[in-house]
Amino acid sequence: MNAGGVAGDDQADDQASAAAGASADGQHKVTGKDTDTTAGQVVLELRHAAKAFGAVQALIDGSVELRAGEVHALLGENGAGKSTLVKILAGVYQPDAGTLVVEGREVTLHGPAAARAAGIAVIYQEPTLFPDLTVAENMFIGRQPLRTGRRIDRREMREQAAKIFGRLGVPLDPTRLARGLSIADQQVVEIGKALSLDARVIVMDEPTAALSAAEVDRLFEVVRTLKNQGTAILFISHRLEEVFEICQRVTVMRDGRHVMSDALEHHTANDLVRAMVGRELAERPPEAGAGTPGEPVLTVTRLTREGMFTDVSFTVLSGEIVALAGLVGSGRSEVARAIFGIDRYDAGVVTINGQHLRKASPTTAMAAGIGFVPEDRRQQGLVMDMSVQQNVALASLGRLRKAGLIWGSSERALAADWAARLKIRYGRLTDPVAMLSGGNQQKVVLAKWLGRKPRVLIVDEPTRGIDVATKAEVHRLLAELARNGVGILMISSELPEVLSVSDRILVMREGRLMAEFSHADASEEAIMSAAMGQHEAPAR
Amino acid sequence: MRATILNRRQHPPAHGNKSAIGNGQPQGPAKTRAGSLAERVFRIRESGIVVVLGVFVLVTAAIQPRFLNLTNIQFVLIDTTVFALLALGETMVVISRNVDLSIGSVLGLSAYASSNLFAVHPGINIALVFLTGMGIGLACGVVNGTMVAVGRVPSLVVTLATLYIIRGIDILLFSGKQVVEAELPSTFLDIPRSTIGGIPDLAIVIAAVIGAGAYYLRTYRSGRELYAIGSNPEAARLAGIPVGKRVFTAFAASGAIAGIAGVLWAAQYGTIDASAGTGYELQVVSAVVVGGVAIFGGSGSVIGAALGALLLATITTALYVLGISPFWDQAIWGFLLILAIALDQTITVRLTSALRKKRTRHE
């Protein structure tokens, strides 16, 4: 089950067979990886790349240097130009200026196929697999091994895929459909694809954003294996702990420019954050206890949904921030969705402000005073094609209605008010919300609910994929809401966030509440061991 | 009068055709690992259609034994050939997450223009007539393909527009005229009528063509890439698949096939006017969906689509033989569509949850 060690002997064979598969369309370069790789040798160098989209200069001066056998971190706030740089390396964007040197030769990538041919593989945050094709076919699409008559040799394809998974130490079945794979396994398939390409450079764009801690460990095992085999890896993450755990060198970007590159060991997390934001963080996230806990605003009693969560009971007081911690898949989001009435539940009672919610429906929940900021803002939190002001007004339409109609002016007034309070950065309020950066989109979702003045706010992964500075703003905002008497239930996979923001911490594991900590008692170790089941004292 | 003939047109074959198509199915060379969940599901999906078809044939024959006489079976088989051929082209387009609604109009234009050649140039080589029909279809397909692949206009809109435009051209050129059977050479009219051992030659040829199409989609890179494009277009682009080129080719092929189908249509009916094939595209799309091809692309097979065509055609003929009002025909087609979609939805949901659980390999 776990990623194990990798037998180095198999490696040459694997590459030879991968080469046999790829050579038919001429995209393979014949290099024995083991022979010409010395760790530290520069494999890829991007110098002074620039890219503009219309009037927006997404990348002004992007430079990065990747070496064989090294994991290189690329850091920067959202909007710093990381994604643009990645897409240039992927061949998706063609830079307006700058040079790309791969293994000593200057290359121009006309498209994704050219990047592949140059030995560059990109693994995106949201893996790009074909759910209707098999795992093996996903890895080899467009360059499946052939037999006579240019027909696909399925057996060979399957065997090559199995060999690669063996090398990575993961027990994936190459003949299964990609449909239904967990994000972590999808990434393994992508990594396998990169290996089958004999990629010298693997770019990983926020690969851990959607993974549980255990999955991250497994991914890192694979990454270390690749590193030891001489692959150059560019690793993008917002989680600095991960960067320090897995990377050797670091490049920091800010506002589309290269800020610095250096060996990671010379730096502390604070240095890097300072380099990213260009200033000291104005203040640390506020300590918990900002609000004064009052009467219960949300009470959940023995809530159960078959197969999802069992017998979950807790209370959130007004002015209190309660964190719901646990591994991805432990049932946290499912509980939140049930409270808000999106999913039905089989047993239990939800009480808001002393009022029982009779049936599961978001309308009832909203009327009772709950706001819900979902996990996936793009899919569930926002209507991406609608304007900023329409999105903000969406939850308050009833209140904005005058003579039965929604007037643009009242929409705008509401949106402008909240945009100013939350410091949302936008062009015009009538721009589609899709044009905003991730952090600002999240603020729009918050504004949407704050416009209703909720008594209870449920936030699911409120800072996922958001840059450091905006993250601090979101934390401050939550604290301010608590001060104003709102009860907040926060689901988060980031332990530092859980520890610094919340007054109380509930830990879920496999659908049950396993432990409860006060702010003072909590520690990362205690929470993790409860979440992983090493703590056997259920709280209730 | 004409309307009746056109309606009868859409009958698919019964029983016999099934085996003909079955023979053309290339299972042999592509060695597939037995037990692969994906493969099993597709096989189950296709055998589901065969079962429904079998039940329908048996029930009909039990009520009216005349249904299974040779003439009737031949009639149904011939009727299915054009239908299944169009389903082949449509399947390639639908698999890539597109749709071609223009094929009925393309068929009409090709049917008239090609058969009109016999009237204008008596003694013309039949191969030349087929080439003309195919050329007309190809030209229409190229227009569709260009607008979808290069112009990035949704195919639903593009082909809805060309459905009207091509029919408009057809009517503009040929309205009020018609080609009659007497103007067509008997060698041409015999194409759908000659049989080997009671089975129409044409049905065998079309079954082989469909088999070849299925083999191509399964076994060649470009075929697999059509599935990939339909399964996740954005990923296809990132994987370096020439999405535009593949989609363009699918439309061109669908057009060319509709062109050929038009010529066959002319041979089959003998009397052609500017309204030939009106509304046929929706029947073909229905057959494709009933045959288990996902309407949003990515999965399904040509064999399934051909079986779908066979099933729908058989139902029409069965109702005719039983003397049931043609109204029921359309109602049953609609019912089958909903059934097929519900079934596919259930399969997808079940399959996804089954696959979620099955992470490790069982070897």
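Axes are lines fitted to C-alpha atoms, for helices over the stretch in contact, and angles run from 0 to 180 degrees between N-to-C directions. In this predicted model, helix α11 (residues 332-340) of chain A runs at about 115° to β13(A). The helix lies across three strands of chain A, namely β13, β14 and β16.

These strands belong to an open sheet of chain A. The sheet has four strands in the order β14-β13-β16-β17, and the pairing is antiparallel. Its edges are β14 (309-317) and β17 (355-356) of chain A. Each edge strand pairs on one side only. Inside the sheet, β13 (residues 296-305) and β16 (residues 347-352) of chain A are joined by five bridges. They pair in the antiparallel sense. Strands of a sheet pair through backbone hydrogen bonds, either parallel or antiparallel.

Antiparallel pairing also links strands β1, β4 and β5 of chain A. Strand β1 (residues 42-53) of chain A pairs with β4 (residues 97-102) of chain A over five bridges. Here A:Leu46 has A:Leu100 of β4(A) as its bridge partner. A:Leu100 also has a bridge partner in β5(A), A:Val107. Strand β5 of chain A spans residues 105-107 and is joined to β4(A) by three bridges. Together β4(A) and β5(A) form a hairpin, with two residues between the strands. In the turn, A:Glu103 has a positive phi of about 50°.

Chain A as a whole contains 20 helices and 24 strands. The chain has 540 residues, and 52% of them are buried. Among contacts in chain A between residues at least 6 apart in sequence, 69% join residues at least 24 apart.

Chain A also meets chain B. The contact takes 30 residues from chain A and 32 residues from chain B. On the chain B side, the elements giving two or more residues are α3 (37-63), α10 (221-231), α11 (233-238) and α15 (326-357) of chain B. Helix α10(B) gives the most to this side, with six residues. By residue class, the side of chain B that touches chain A divides into twelve nonpolar, ten polar and ten charged residues.

Key. Residues numbered from 1 in each chain as written. Chains lettered and ligands numbered in written order. Predicted model: local features only at pLDDT ≥ 70, side-chain atom pairs only at ≥ 80, totals over all residues. Contact = placed C-beta atoms within 7 Å. Nonpolar A, V, L, I, M, F, W, Y, C, P; charged D, E, K, R; others polar. Pairing = 2+ DSSP bridges. Buried ≥ 20, exposed ≤ 12 C-beta atoms within 10 Å, placed from the backbone.
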